[in-house]
Structure formats: structure tokens, C-alpha cells
Amino acid sequence: MESTQILGYIGALIVGLVLGLIGGGGSILTVPVLVYILGYNPIVATAYSLFVVGSSSLVGTFQKYKEGLVDFKTGLVFSFPSFVAVYLSRRYLLPNIPEALFEIGNLSFTKDMSIMIFFALIMIGASYSMIKSKSKTAENISGQPYYKTFIQGLIIGTITGIIGAGGGFLYVPALVLWANIPMKKAVGTSLIIITVNSLIGFLGDVQTLDIEWGFLLTFTVIAILGIVLGVFLSKFISGKKLKKSFGYFILIMATYIIYKELK
């Protein structure tokens, strides 16, 4: 086994660990591991990320449910518009984006580069929402019109479809700030949404890509071992610290991705 593949599998374990600890961020690591360590292009990497994070999140959902940290009603309200948007984005939008988009000076923005930079910019926005202190009481999702929740789900679903992420780094802030759910319960609830979004989004990719199932299943099993460990460790970390560390983690990863793409 090559050293890069060993590093990739170590990355898979860390992906699961992060996902178990903070409910999101698994895809934030999965995509860079697949692109920068294992050499996959971003379209394939984001597709594989959906399967890995979706499968891992399914295991995490059961674990969080046993601890009473899952709000199924709120999760399902977000899930329906989101998975529709994710599937349509992966099946029809991404395959039709041209390979060369535009140029700024001597810098040419390709489809792959633009996806990674867009990925990083969304991460920065999500990190800010988690790091800043929230002075006002968050709006409860049960008290807002359903069409608002539906639109929010469509927007986040489209974004996560484009970047191939499970969306935990978007859904956890949404559940905390919009639904007024405590951080640890938001983490558990986000896992339902991530599972549904990711696996349905991956179905769109199966129809357009050749999948290396041997590698993908091995990577996924290792990530699942990581999430079991991560969920166990999350019992010993406070929700407040979890929220801020989650935000700073995303910010660091976003900065790294932009540096790698533009250097």
C-alpha cells in the first residue's frame, strides 16, 4: 500500500472523529483528503464525500438518538427541501458547468478550482456564524412560516449539492440560530439531515460517474470507526466550547483551501 493511500485512510479516521465530535465538518476534511492527498479531481472527491459522510452520519444518528439528542421533527422539516435541491444540483447542475469559467489577469478559474474556492467561502461564512456571540434570541423554526424553512432548506441544499458536502457546517449553525436548539442537540439533529442529503445526492452522481467501490467502501468503514470514537468523546466536551472550536476549525480549513487553490 502506498504512503499516500495510508495517509488517506488516516484522514478517513479523522473525518469520522470530527463528524462524531461536532456533527459536521466531516466533508470539510474528506474533500481536501481526496483532492490534495489522494489526487482525485473535485467532482469525484465531492461525490465520494457525500457517500462517506452520509454513511458515517447514519451511524452517528443512531448513537445520538440513544442519547436523546435528536429532534426528528425539525430535522425532517429541513430535510425535504434540502435533499431535493442536493439531488438536482448533483444530477443536472454540476455536469453542465463549463470547464473554463473566466479569467482574472493571468489567473484562469476552472470548474474544479471554482468549486473548491466556493467551498472555502461558504465555510468562512459558516465559521463566522458559530464564532460570534449571539446577543438576540434565535428565531424558533416552529414559529416561522413553513415557506421560510422550505426556502432555507432549498438554499442550503443547493449549496451543499454544489460543494458535495454533507452540510453539517451549514446545518448546525442553522439549527442553533434559527431553530434555537441547544448545540449538542443541533449536532445530533444535523446528522439526520446530513444522512438524507448526502446519500440522495450521491444517487445523482452514480448516474454520471464511474465509482471505485472497493476504495470507497474501505474509506467509509474507517470513517465509521472514527465516528463511533468521536461520539463517545463528545460526551466529555461542553456545548459552548464545541461551538467555538467548530467555528475556528472551519476557518482554518477554509484558509488552507484558498491558499492551495490560488498559490
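Modeller: Here we go through a helix crossing, a record annotation and some aromatic pairs. This is a predicted model, where local features need pLDDT of at least 70 and side-chain atom pairs count only at pLDDT 80 or more, while totals for chains, interfaces and linings use all residues. Residues are numbered from 1 along each chain as its sequence is written, and side-chain values use heavy atoms, with hydrogens and water left out.

Colleague: At what angle do the axes of helix α3 and helix α8 cross?

Modeller: Helices are DSSP runs (H or I, at least four residues; strands are E, at least two), numbered from the N terminus. Axes are lines fitted to C-alpha atoms, for helices over the stretch in contact, with angles from 0 to 180 degrees between N-to-C directions. Here α3 (residues 42–66) and α8 (residues 183–206) cross at roughly 145°, and their axes come within 7 Å. The crossing is left-handed, a term for a near helix turned anticlockwise from the far one by less than a right angle (clockwise is right-handed).

Colleague: Which residues of α3 and α8 meet?

Modeller: Contact means heavy atoms within 4.5 Å. On the α3 side, the residues include L50, F51, G54 and L58, and on the α8 side they include G188, L191, T195 and F202. The residues of this contact divide into 11 nonpolar, 9 polar and 2 charged; Ala, Val, Leu, Ile, Met, Phe, Trp, Tyr, Cys and Pro count as nonpolar, Asp, Glu, Lys and Arg as charged, and the others, Gly among them, as polar.

Colleague: What does UniProt place at residues 43–62?

Modeller: Its unreviewed entry gives "transmembrane region" there, one of several such spans; annotations of this kind may be inferred rather than shown by experiment. In the model, residues 43–62 are 100% helix and 0% strand, with end C-alpha atoms 30 Å apart.

Colleague: How many aromatic pairs does a search of the whole structure find?

Modeller: It finds 12. Rings of Phe, Tyr and Trp (its six-membered ring) pair if their centres lie within 6.5 Å; planes under 30 degrees apart are stacked, over 60 edge-to-face and the rest tilted. F51 and W213 have ring centres 5.7 Å apart and planes at 85°, so they are edge-to-face. F51 lies in α3 and W213 in α9 (residues 213–233), so this pair ties together parts 162 residues apart in sequence.
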